[in-house]
Each structure stands twice: as C-alpha cells, then as structure tokens.
Amino acid sequence: MTFLSQVLAILWKDIRCELRSKQTWTSMGLFALLVLVIFNFAFDLRVDNKAAIAPGAMWVAFVFASLLGLGRTIASEQEKGSMDRLMLCPVDRKAIYLAKLLGNMLFIGVVEVVALPIFAALFNVPFFTGELLPIVLLGTLGIATIGTLFSAIAAATQAREVLLPILVFPLIVPVVIGAVRATGTLMVPSINEPPWLGLMAAFDVIFLSVSMLMFEYVIEE
Amino acid sequence: MALVKREATVERRKAKVGTKQQEIRFPVVSVILGILSLIGMMVSIWMIFLYAPTDAIQGEPQRIFYFHVPMAWLGMLGFVIVAFAGIGYLVKKDERWDWAARASAELGAFFITLALITGSIWGKTIWGTWWTWDARLTTTLILWFIYIGYLMLRSYMGRTPASARAGAVLAIIGIIDLPIIYESVNWWRTLHPPAQVGVQDALPPSVVLTLMVSLTTFTLLYSFLMIQLYQLQRAQTLAQQLRSSIE
C-alpha cells in the first residue's frame with residue numbers, strides 16, 4: 001500500500017463510522033448555530049455594528065464547534081479500544097496523523113458549509129463570494145492542524161474536555177486573527193491591510209510539517 | 001513468584017538510591033550562585049533606587065522598569081530552555097532533560113506572571129490603563145497561557161515518559177508559534193514603547209548600567225533557583241519510584 005492509500009483507508013474508516021453514528025456532525029452543527037444565536041443576543045446586532053461583529057461571531061462559532069469535534073478524534077478511538085489496533089497497523093504514524101487531520105477538516109468543513117448560509121441569512125450579510133473559500137479553507141486547516149495533534153495529547157489525560165481548549169486556543173491565535181480580519185476585509189474593503197492569507201498559509205505549512213514530525217512522539221506508548 | 005519479584009525490585013531500587021545518595025556532594029555551584037545573587041540583589045536595589053537618575057518625563061514610576069525588564073527576559077528565557085530541554089528529551093530519551101524542562105517551566109511561569117503584574121502597574125501610572133492589546137503585551141499574555149497549559153498538562157499526566165514527550169511537543173510547538181503570534185498581533189495593533197537599549201544616546205549610561213546589573217542579578221537568581229528546582233524534581237522522581245516499589 002502506498003502512503004496515500006493508507007491515508008485514504010483510515011480516512012474512509014472514520015467517514016463510515018461517522019456516517020453510521022452521525023454524532024459528531026449533528027452536535028457540531030447545532031453547537032455552531034447556537035453560538036450564532038447567542039452572539040445575536042450578546043451583541044445586539046444592528047445594521048451599524050454588523051460589519052464589526054459578524055466576522056468575529058462567525059469564527060468564534062467555527063472555532064468552538066471545531067474544538068467539539070477535535071476532542072472526539074482520538075478519544076473515540078480510545079473508548080472503543082481501536083487505538084491499539086490502529087497503532088498495530090503497519091502504517092507510518094504520519095499517515096495516521098494525516099488521515100485524522102483530513103477527517104477533521106472534512107467534519108468541520110461540512111459544518112461550515114451548513115452553517116454559512118444560515119449565518120448569512122440570520123445576520124443578513126452577503127457571504128456567498130468565492131473569495132471567502134480560501135479564507136475558510138486556510139483557517140480551518142490551521143485549527144485542525146494544531147487541534148488534531150493536541151487532541152492526541154489531551155486524550156491521554158483524564159481531563160481531555162478541559163485540557164484541549166486550554167492547550168489549543170493560545171496556539172491558534174494567529175489563525176483566528178488572520179481569519180477574522182480577512183473576513184472583515186471582505187465585508188468592508190480597506191486599503192493597507194496586511195497579507196492575512198499569506199500569514200495563515202505560512203502558519204498552516206509550518207505547523208503541518210512540525211505536527212507530522214511530532215505526532216509519533218505523542219501517540220507512542 | 002510475584003512477591004519474590006517485587007522484593008527483588010525493592011532491593012534493586014534501594015541499591016540504586018544508595019549509590020545516588022553517595023554521589024551527593026557539597027553543592028558548591030549552587031552556594032556560589034546563591035551568594036552572588038544575594039550580593040547582586042543588594043547592589044541592584046541600591047543602584048535602582050539611589051544611583052540611577054530619575055526619569056525626566058516618567059518620574060519615579062519609571063524605576064519599576066529595572067524589575068520589569070529582567071522578569072520579562074527570564075519569562076522568555078525560561079520558555080526557550082523548556083523547548084530546548086524538550087528537544088533534548090526527544091533526542092536523548094534521558095529523564096534529566098525532562099527535570100530541567102519542568103524546573104524551567106515553573107520558574108518561567110513565575111517570572112512571566114511577575115512581569116505581567118509589574119508591567120500593568122507601570123502601564124496604569126504612565127499610560128493610564130492597566131492593559132492594552134499591544135503586540136508585546138498580548139504575546140506575553142499568550143506565553144503565560146501556554147506556560148499554564150504546560151504546567152496543567154504535566155500535572156494531569158504525572159511523571160510518565162508519555163507526559164515528558166507531550167510536554168516537549170507542546171513546548172516545541174509553542175516556541176515556533178510565539179514569533180508568529182507576535183507578528184500577527186503586531187499587524188493587528190501596537191503601542192508598547194520600543195526597546196531603547198543599544199540605540200545611540202537614547203539612554204544615559206547610568207541607566208544602562210543599572211539595567212545590566214539588574215539583568216545579571218536576576219539571571220543569577222534564575223540559575224540558582226533552577227538548580228534548586230532541578231534537584232527537587234530529581235528528589236520527587238526518586239520518591240515516587242520508591243513509593244511505587246513499596247505499593
């Protein structure tokens with residue numbers, strides 16, 4: 001089996017598991033929508049402050065929902081006892097990491113695809129431009145890269161639900177700032193805006209490579 | 001059979017601990033560092049409050065800067081040492097690297113907390129606000145969060161090799177992330193006064209001298225405490241091994 005087919009095999013396993021239980025998708029999606037509703041009350045959204053608050057509200061909803069799904073990545077394997085079997089597979093640890101990362105990207109992506117139109121309707125903002133696609137893609141990749149690595153670390157402890165956000169939130173600050181500002185620039189175009197997309201791309205490339213190297217130390221028994 | 005095996009391990013551990021105890025010498029380096037940092041502390045306090053001139057614009061509150069800068073420096077140095085000890089542990093698989101990482105994390109977290117507090121006090125008198133979302137302040141706060149996350153992770157996972165590896169990974173990711181966090185917040189907004197040491201004629205020589213003496217003293221204090229905490233980590237590990245051999 002080549003590296004790519006190993007990755008795809010593990011990814012397909014995760015997708016089939018999720019399609020049968022539908023636990024992660026439903027809870028993540030509902031959670032993202034609830035955050036949007038809560039934000040509507042918390043900030044009293046009106047026409048004049050919409051442009052300032054909407055990008056932040058959207059990304060907070062995405063980040064919180066992502067963390068919910070990321071926490072399940074390795075933990076669900078451990079609960080079923082299938083983690084040991086996955087480790088016994090004659091595959092590179094990098095393939096396991098990459099498959100888990102792609103799975104998380106896919107889960108978060110589905111939630112975003114469902115949440116974005118509802119978000120645009122609820123907040124009455126035009127978010128159906130093609131320019132949003134690279135922002136969402138790079139932002140999600142950044143969150144998932146760090147999140148997948150640390151979900152493996154947090155899964156080894158008793159307090160994984162508490163520990164995962166505490167470890168992940170400080171580290172993904174650049175992605176959150178970049179994604180919020182880039183989305184804000186889409187709504188209200190401004191000049192002299194720093195290259196946020198470049199920042200997110202650099203963050204993703206750096207941490208994707210570092211995480212792939214580090215993952216084997218994290219899950220080693 | 002199991003009992004015999006367990007007794008054998010206890011014997012072996014006793015023997016190991018016995019040889020370790022014989023190795024303990026009079027801690028020369030630690031005592032010298034302790035005395036040096038004590039003398040340095042006296043000299044620094046004299047220099048900070050009597051020798052250094054009062055700032056023309058900021059007045060007396062500026063003197064907290066001689067404490068704030070060394071504390072912030074040690075907070076950052078502490079994390080660099082945690083990360084390098086983490087790399088050392090991942091490469092060598094030697095527990096001693098991990099003791100150094102833990103010791104440095106505890107010290108660094110302590111100093112970065114003091115740096116945040118002294119900085120806030122200074123900010124309240126000079127800027128008129130306790131806090132601003134400036135690049136250096138925000139990065140320091142995030143470093144503080146990473147430190148706390150590190151310490152929480154280590155205490156949740158206990159003294160296992162898995163815990164040491166997880167801590168090393170967190171520290172390495174953190175040390176790579178911090179410059180990116182700094183740059184991203186810098187692009188976002190900034191207000192902190194830029195560093196004026198090394199700029200020609202920006203500061204009178206007595207101020208630079210006081211700052212250098214203060215920095216040296218605090219670094220000596222850090223090295224002294226580092227040795228103490230390292231020994232404490234070692235003693236705790238030995239105590240835990242003994243306890244697990246009895247249970």
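1. Helices (H or I, at least four residues) and strands (E, at least two) are taken here as DSSP runs, numbered from the N terminus. On that basis chain A has 10 helices and 0 strands, and its pattern along the sequence reads α-α-α-α-α-α-α-α-α-α.

2. This is a predicted model, in which local features need pLDDT of at least 70 and side-chain atom pairs count only at pLDDT 80 or more, while totals for chains, interfaces and linings use all residues. Residues are numbered from 1 along each chain as its sequence is written, and chains are lettered from A and ligands numbered from 1 in the order in which they are written.

3. On confidence, the model scores ipTM 0.89 and pTM 0.87. Chain B averages a pLDDT (the predictor's confidence in each residue, from 0 to 100) of 84, and 85% of its residues score at least 70. Where pLDDT is low, the predicted coordinates should not be read in detail.

4. As to overall form, the radius of gyration of chain A, taken over C-alpha atoms, is 18 Å, which agrees with the value near 17 Å that a compact globule of 221 residues would have; the globule rule is 2.2 Å times the number of residues to the power 0.38. Among contacts in chain A between residues at least 6 apart in sequence, 83% join residues at least 24 apart.

5. Within chain A, helix H7 (residues 132-155) and helix H8 (residues 160-171) pack at an angle of about 145°, with their axes 9 Å apart; axes are lines fitted to C-alpha atoms, for helices over the stretch in contact, and angles run from 0 to 180 degrees between N-to-C directions. The residues making this contact include A:Ile146, A:Phe150 and A:Ile153 of H7(A) and A:Leu163, A:Leu167 and A:Leu171 of H8(A).

6. Between the chains, 25 residues of chain B are in contact with 23 residues of chain A. The elements that give two or more residues to the chain B side are helix H5 (135-157) and helix H6 (161-188) of chain B, and the largest share, 16 residues, comes from H6(B). By class, this side of chain B has 20 nonpolar, 3 polar and 2 charged residues, where Ala, Val, Leu, Ile, Met, Phe, Trp, Tyr, Cys and Pro count as nonpolar, Asp, Glu, Lys and Arg as charged, and the others, Gly among them, as polar.

How values were computed:
Contact = placed C-beta atoms within 7 Å.
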